[in-house]
Amino acid sequence: MTPENLLHRLPSTQKCTFGCPVLDRCLGGGIPCNSITELVAESSCGKTQLCLQLTLSAQLPPSLGGLSASSLYIHTEFSFPSRRLHQLSHAFISSHPRIFNNDPCDRIFVHAVYSADQLFDIMPKIESFLENMNTQLPVKLIVIDSIAALFRSEFENTPIELKRRSSLFFKISGKLKSLAKRFGLAVVVTNQVVDLMGHSEGMNGLKVGNLGSLVSSGRRVCPALGLAWANCVNSRLFLSRNEEVVGEENGSVDVSACGGGDFLPRQTRRRLHVVFAPHLPDSSCEFVIRREGVFGVER
C-alpha cells in the first residue's frame, strides 16, 4: 500500500459546528474534538456568545455538523447568562423544529468554579460524571468561561507563585486533554487579553502562530497568562472588534457635514482570526452578533 493510500485511511477528527456555514468554513468544519481550543478576546467581543451557541449546536446530529451531545459549561467570573441562552435556544428550535422535542437548555449542565485549585480538584468529579451519564445524549463538549479569571488575581508576582501557577496550568490542561481523548470531547476555554507595551516581536508568545500582532479596539493586545499557558492549548482563535466609520471604505461620508470625527456614524466590525491550529491555515472571517445568534459575514 502506498503512503498516499495510508494517509487517505487516517480517520478525520470529528468537529462541532458553530451552526453557521461561514464560521465553519473558516475553521475547517468547526471546533475539533480530542483537543483544547481557546477563544481569546477582550470583553464584549463575543466569546461567551460563541460558547453558548456551541452548546446548542453540539446537540445537532452529526449529519448537520453536531455531536448528538450534551454539554458541560463551567463559568468562573460572572453568573451564568441563562437569559441569553434561552433567547438563543428559541431561535435554535425555530431553525430545527423537527429535531427537538424538549428544551435544548435541559442538555446543558452548568457548574460554577471560583479558583484554579477548585477547578483542578473537581476534575475527578467531572471524569466520574462523564463515565456514569445515563442520559440519551452524552457530554461531548466542555466549556470553561473563562480560564483567565481563575489565574489572574489568585497568584502573586513572585517566582514561587509563578512556578505554582505554571504547574497548575499543565496539570489542568493535561487532565482536560486526557478527558478529551478518552471521551472524544471538544474542550473550549476562553481567555482574556492584556495591552501590549513596547515592541511586539517575540513578546508573550505574540509571534506564535499566523498573526504577527493582535489588534482590538485600536489597541495592540496579547493573550493573558503568557507563554506557559499558550503551550497548554492545541488551537488558539482570536476575536477582535473595531469601530469603523460607516461608508469610509467607499468615500461616501462627508466629514465636514457630520461636524467632525466625534459625530461620524460608526459601526462595530468583529473578526475571528486563526492564531495557531495544527489543522488550519492562516484564515479569518467577519461576524456579527444578532438576537438569533452569531453569524459569519460573506465578503
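Which element gives the most residues to the lining of the largest pocket?

Author: This is a predicted model, in which local features need a pLDDT of at least 70 and side-chain atom pairs count only at pLDDT 80 or more, whereas totals for chains, interfaces and linings use all residues. Residues are numbered from 1 along each chain as its sequence is written, and side-chain values use heavy atoms, with hydrogens and water left out.

The element that gives the most to the lining of the largest pocket is α3, with four residues. Helices (H or I, at least four residues) and strands (E, at least two) are DSSP runs, numbered from the N terminus. A pocket here is an open set of points on a 1 Å grid over the protein atoms alone, where a 1.4 Å probe fits and protein lies on both sides within 12 Å along at least five of seven lines; lining residues have an atom within 4 Å of a point.

The largest pocket has a volume of about 460 Å³, a volume being the space filled by probe spheres set on the points, which are joined across faces, edges and corners. It is lined by 21 residues, of which Ser 43, Lys 47, Thr 48, Phe 78 and Asp 145 are the closest to its centre. Two or more lining residues come from each of α3 (47-57) and β4 (70-75). Sorted by class, the lining holds seven nonpolar, nine polar and five charged residues, where Ala, Val, Leu, Ile, Met, Phe, Trp, Tyr, Cys and Pro count as nonpolar, Asp, Glu, Lys and Arg as charged, and the others, Gly among them, as polar.

As for α3 itself, nine of its eleven residues are buried, so that the helix is mostly covered; buried means under 20% relative accessible area, exposed over 50%, and partly exposed in between, with a 1.4 Å probe and protein chains only. Among the buried residues of α3 are Lys 47, Leu 50, Cys 51 and Ser 57, and Lys 47 also belongs to the residues closest to the pocket centre.

Rings of Phe, Tyr and Trp (its six-membered ring) pair if their centres lie within 6.5 Å, and planes under 30 degrees apart count as stacked, over 60 as edge-to-face and the rest as tilted. The count comes to four aromatic pairs, one of which joins Tyr 73 and Phe 80 edge-to-face, at 5.0 Å centre to centre and 75° between the planes. Both Tyr 73 and Phe 80 are buried.
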